[in-house]
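Hi,

Here is the structure I said I would pass on.

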Amino acid sequence: MGRVLLVVAVLVLATGLGLWWRARNGRFTAVDPRVVADAEHTPTTGDETRLTAAEIGAPLGSRVTFVQMSSAVCTPCRRTHAVLTQVAAEHEGVSHVELDVEEHLDLVRRFHVMRTPTTLLVDAHGVVVGRLSGATDRRHALAALASCLDGSNPGGSCPDGVLPR
Amino acid sequence: MSEPVPSTVTPSAPASAPASAPASGPASAPAGIDPRGPRFGAALTAVLLVGVLLLGTSAAATALLAVVAAGFALGVAFGVGGTWQGVLFRKVVRPRLAPPTELEDPRPPRFAQLVGLVVTGVGLVLALVGVSAAVPVAAAFALVAAFLNAVFGLCLGCELYLLGVRLRARA
């Protein structure tokens, strides 16, 4: 009887973990608007608030860039790649760049990337305004764009940034 | 390390960008496998691990855990398709299913097999040196992973592989 309860407990725990994992997977998390606003006004490079075109090896989008970090052992990275490429093609000024984590360990460390895919959302000035952690579907990608482009997030409005005031 | 060229670059040029480029893996990517195979295998593994838990700390529990570990070892050596679960999927299950809509890189599930081998292997070794409680503990951890893989499609390679790379690079 005790063993049956143990099995049930393990399966309940696993189900809870799975539901939690699925709920947060791919969701957009915005960077604190004050941090973004600070970064817009202080043109430093090399820290965790900014990325440059040289660092990702491609020009930044004129509004937003999805910088997707992927690895070879990651199947959802492929789907995320397809979703973001499509979303980028449909939106003016939005671009998508995919980087292999093994070739960019410096960026992995700098941005505290723990899993793949992790996608950083970067505005026109290279300021990181948020991230999508885990497999991203179309709904997540569009939500990220909306929160970035509509200007409701004062520090993180991407179209023209908040620089200079 | 300081490789400036990204593996894949898709800046969307205004309007003229292709609607959707096929996801291109590394040039050396091996042939894809049916993604339902590893999940089917994980479900069978989960059932066996439930059996291990029900057998408690008996010798039978250790033996069944050894069977599970042997399956993981096959998966590490030959890929998921080389396990007995993989053979069963190919011979019995797949002929009855519609063709897969997408293929999966075999490396992520193979990495998951390695994680399973480490977890069950540690349990077995501890059991053999007299720590019999290690059997249900290892089985419980492996069951959580196999269940998440089978039911939720959780990809262990995505969650753990990068941590391994980071540790390796630091060493």
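**The strands of chain A**

Strand β2(A) runs parallel to strand β3 (residues 94-100) of chain A, and seven bridges join the two. (Two strands count as paired if DSSP finds at least two bridges between them; helices are DSSP runs of H or I with at least four residues, strands are runs of E with at least two, and both are numbered from the N terminus.) To get from β2(A) to β3(A) the chain passes through helix α4 (residues 75-90) of chain A, and this β-α-β crossover is right-handed. Right-handed here means that, with the strands pointing away from the viewer, the path from the first strand over the helix to the second runs clockwise. Within this pairing, Met69(A) has Leu99(A) of β3(A) as its bridge partner.

Before going further, a word on the model. It is a predicted one: local features need pLDDT of at least 70, side-chain atom pairs count only at pLDDT 80 or more, and totals for chains, interfaces and linings use all residues. Residues are numbered from 1 along each chain as its sequence is written, while chains are lettered from A and ligands numbered from 1 in the order in which they are written.

Back to β2(A), which also pairs with β4(A), this time antiparallel and over six bridges. There Val64(A) is bridged to Asp123(A) of β4(A). Strand β2 covers residues 64-70 of chain A, and seven of its seven residues are buried. A residue is called buried if 20 or more other C-beta atoms lie within 10 Å of its own, exposed if 12 or fewer, and partly exposed in between, with C-beta atoms placed from the backbone. In a regular strand the side chains alternate between the two faces of the sheet. In β2(A), Val64(A), Phe66(A), Gln68(A) and Ser70(A) point one way, while Thr65(A), Val67(A) and Met69(A) point the other way.

Taken as a whole, chain A has six helices and five strands, in the order α-β-α-α-β-α-β-α-β-β-α from the N terminus. Of its 165 residues, 46% are buried.

**Loops of chain A**

The loop between α5 (105-110) and β4 (118-123) of chain A holds Pro117(A), and the peptide bond from Thr116(A) to Pro117(A) is cis, with omega near -5 degrees. His112(A) lies in the loop between α5 and β4 of chain A as well, and its phi is positive, near 50 degrees. Most residues other than glycine have a negative phi, and most peptide bonds are trans. His112(A) is exposed because it has 9 other C-beta atoms within 10 Å.

Another loop, between α1 and β1 (28-30) of chain A, contains Arg27(A). Arg27(A) has 15 C-beta neighbours inside 10 Å, so it counts as partly exposed. Arg27(A) and Arg139(A) are 112 residues apart in sequence, yet their C-alpha atoms are 9.2 Å apart. Leaving aside neighbours within four places in sequence, Arg27(A) is in contact (C-beta atoms, placed from the backbone, within 7 Å) with Leu132(A) and His140(A).

Chain B has six helices and one strand, running β-α-α-α-α-α-α from the N terminus. Buried residues make up 43% of its 171 residues. UniProt, in an unreviewed entry, lists residues 33-166 of chain B as "domain: DUF4395"; its positions are given in the numbering used here, feature names are shortened, and annotations may be inferred rather than shown by experiment. That stretch is 75% helix and 0% strand, with its end C-alpha atoms 28 Å apart.

Buried residues of α1(B) include Phe40(B), Ala46(B), Leu49(B) and Leu53(B). The buried residues of this helix pack against α1 (2-24) of chain A, and also against α2 (59-78), α3 (84-93), α4 (107-128) and α5 (134-152) of chain B. After α1(B) comes Gly56(B), with a positive phi near 65 degrees.

Which residues have the most contacts inside the largest nonpolar core? They are Val122(A), Leu49(B), Leu65(B), Ala139(B), Ala142(B), Leu143(B) and Ala146(B), in a core of 79 residues. (A nonpolar core is a set of buried Ala, Val, Leu, Ile, Met, Phe, Trp, Tyr and Cys residues joined through C-beta atoms within 7 Å.) The most is given by α5(B), with 13 residues. Beyond its neighbours within four places in sequence, Leu143(B) is in contact with Val10(A), Ala46(B), Leu49(B), Val50(B) and Leu53(B).

Best wishes

Conventions:
Two residues are in contact if their C-beta atoms, placed from the backbone, lie within 7 Å.
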